[in-house]
Amino acid sequence: MSGYLARRLLAALPTLLGISLLAFALLSLLPSDPILTWSEGMIPASAAEMERLRTALRSDESPAERYADWLLALLRGDLGASMRDGRPVTTLIAEALPWTIVLNGAAVVLIYALGLPLGWALSRRRRPMLGGASGLLLLLSVVPPFAAALLLQRLFAVRLGLLPLQGTGVGGGLAVLPHLVLPALCLALSGWGFVARYARVAFRSAMPESAIAAARARGLAGLSLARHFAANAALPFLWMLGGLVPALLSGSVIVEEIFSWPGMGRLLLRGVEGRDYPLVLTLVFLSGVAVLLGQLLADLLLPALDPRARAPLVGTESGE
Amino acid sequence: MTGADLSSVMVERLVADFLVDQGPDLQLVPSLAASWERSADGKVITFHLRPGVRFHDSAPFTSDDVVFTWQKIVDPASRAVGRVDAFLPIASVEAVDPLTVRVTYKEAFAPALRGWQIPILPAHLYRGADFATAAANRAPVGTGPFRFVSWDAGRSIVLEANRDYWGGAPGLAQFVFQIVPAADTAFQALLAGEVDYARLPAARQASLMDDAAFTGRFRVLRSVPLFFYYIAWRGDGSNPFFADPRTRRALAMAIDREGYVASVLRGLGEMTDSPFAPLLPAPRARGPAHDPAAAAALLDEAGWRLDPKSGLRKRAGRTFRFTLLVFTGGEDHVQFSQVVQENLRGLGIEMRIERLDWQTLWTRLKSGDFEAAFSGFVPGPDPDSVYGLLHSSQIAGGQNYAAWRDPAVDAALDTARHTLDDTARMAIYRSIESRVLEAQPYAFLFAPVVLGAVNGRFEGAIPSPAGFLGHRPGAAALRPAVGAPQDR
């Protein structure tokens, strides 16, 4: 197992290098000038002033030189400082990441809390009412987040005045909770239909009526019945989470912007708008690393849950 | 000082005082400098600082802080882009005594005082620290009417009243900036009562002004910022169209900006016929009026004749077909460009519209890689600020995107800079203005009216071209409305 892990990690290295090169190339292709971006908002910058800054800040280095500088710093564990803010990129990420985790975590909880029971009920027998509900959820999932956000804001905050419209409030802790509801709901809308449909199929194939009847016949009931099918049923949901999380994260860029949520999505948007190279580079690179780690984790968990996936793994390891 | 977004500029204004400030009508007013005088040859300005002023940490404000602030602004490592220009002609800044600063210019520099509209930094907190990462950047200390309390990254900035303010305690106990990136969200938050001030979305301005329920709840602040839209015609010969002033004049006459402002903006805009529009004494100069027939005649005269087959104008086998660059994020920008497209099609000119994000547009403008571009200009309160748009030295790297070159205008702009007598100086700008209106290197268009709304719980906001916070007294004049409940 440890040899397998080491090999997987080694194989990931070229991928990582590729991600870093791609991220850097994409940013270099954007037509812009970092010095220009400091003189934001059409504040006149004279020719003399631009020239003076350019010389002072060596911004005329070639892209290859800058890439090499960045890669070497990365190897030393130095992610650089934001060009606009002056603070280390790691500080900015440390501020934003918890907000994104809270928002997406809440969305996942909301999605599963409604999607799983609905999927279960749908998998048991045909009920036209339930079918209609899941159809409606599927319909809701195609409403673009920006439109859903505006509707939710107008209804719950402006019209009814039940929930805060945006932001996180001034305090921390539980005071943030009411502010979390609308953005999390907005994200969950896009996931419910998908999860309910997926769960119906998954429950049907992992726990067919016949298998449950057979288990009952062997005297299993209640908790022990659930435990009997737990591993079987968990597998598809793990995979589903793998598809859900990236989708949520990309949706949360827009949702964070509309709801003034201070997370990673907004950090990325501000970075791209301001051509904050060190910040955007790090964010793109880290998201690549996160996807890679997710795949690795799934590859390691799958054999742990599914004996069929374990067999070839043992085979290759014994072959060494 | 490193940030350039709206909120950091506003926070800076509330926490720090400027050495010299501007009133609501943009006239120069004393602030940390209680008075000043200029030597007869105009090269030396002596500032007499206000005595007894203290920073929020109770350190005294002295001439040392002024000298230090100047040093930091001219230091390229500070990246104080957009503020350096007025400081490049300075030879030296000296602290004569704790309350006197003497600034010597290399030569007489007429707009010099405007350059000193800058917040003064506390030297004792920055000296010895790395300027880009100093603690005082995240917890600013100034002499201003509000003191800094907290900054929650990406969420809010909280300020409280400076009860010991030299200009008298402000009317509000607390001032909270909420960071709301989406403009429509900010407006919805105003309606929901979560914020007390927001700009009105451009598309809804006119209808909201007619809405009695809205105007009853909010005080609407109307202002015309120092700003105008223009189309730059790249006239350096890199395309066959815009080097000829007759063609540029014809296009200016073809564009129906009056119609656009009246119908689409429902009158919420002012015509800008000249880049100097509000900066010179009345009366305002007038550019060519909207006249499609005269425009057609002028195009014929310039050799662009209608080709009956294609319906487009041609000259020497070349069809009049060009591309206009437009910022895709601006509703005004895109809508107005479509109006221009329609106007020009009526004259037999095909204009394509290329929509770009701000950074890309800016880069294309700076590199001269375009035929025509729709953009905006923010002049300062002094007519010298139009230098960047018109002087030929500003073609490479500056803002003279039309690449317009007129030696007479270059010389006059330089002379005006060094002319201290105000009447003589304004006369020079008048002569420049008439040459510009004759040559039409840019089509000068209009300035949109900006409407903001303050919750009726507050009063005392003074609208200004600089915004209701961008002047003295600004935020210090805000107070709870008489008889209204107050909790913020």
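Predicted model: local features only at pLDDT ≥ 70, side-chain atom pairs only at ≥ 80, totals over all residues.
**Exercise 1.** At what angle do helix α7 (residues 145-159) of chain A and helix α8 (residues 177-206) of chain A pack, and how many Å apart are their axes?

Residues are numbered from 1 along each chain as its sequence is written, while chains are lettered from A and ligands numbered from 1 in the order in which they are written.

*Solution.* 
- Step 1: the two helices pack at about 140 degrees, with axes 10 Å apart.
- Step 2: α7(A) and α8(A) are therefore oblique to each other (under 35 degrees is roughly parallel, over 145 roughly antiparallel, 65 to 115 roughly perpendicular, and the rest oblique).
- Step 3: from α7(A), residues including A:L152 and A:F156 meet residues of α8(A), among them A:L185 and A:L189.
- Step 4: this contact (C-beta atoms, placed from the backbone, within 7 Å) divides into 9 nonpolar, 2 polar and no charged residues.

**Exercise 2.** Find how many residues of helix α9 (residues 245-254) of chain B are buried.

*Solution.* 
- Step 1: a residue is buried if 20 or more other C-beta atoms lie within 10 Å of its own, exposed if 12 or fewer, and partly exposed in between.
- Step 2: for α9(B), 8 of its 10 residues are buried, including B:R248, B:L251 and B:M253.
- Step 3: the cover over these buried residues includes β12 (228-233), α11 (292-301), α12 (331-345) and β20 (442-444) of chain B.

Methods
Axes fitted to C-alpha atoms, helices over the stretch in contact; angles between N-to-C directions. Helix = DSSP H or I, 4+ residues; strand = E, 2+ residues; numbered from the N terminus. Contact = placed C-beta atoms within 7 Å. Nonpolar A, V, L, I, M, F, W, Y, C, P; charged D, E, K, R; others polar.
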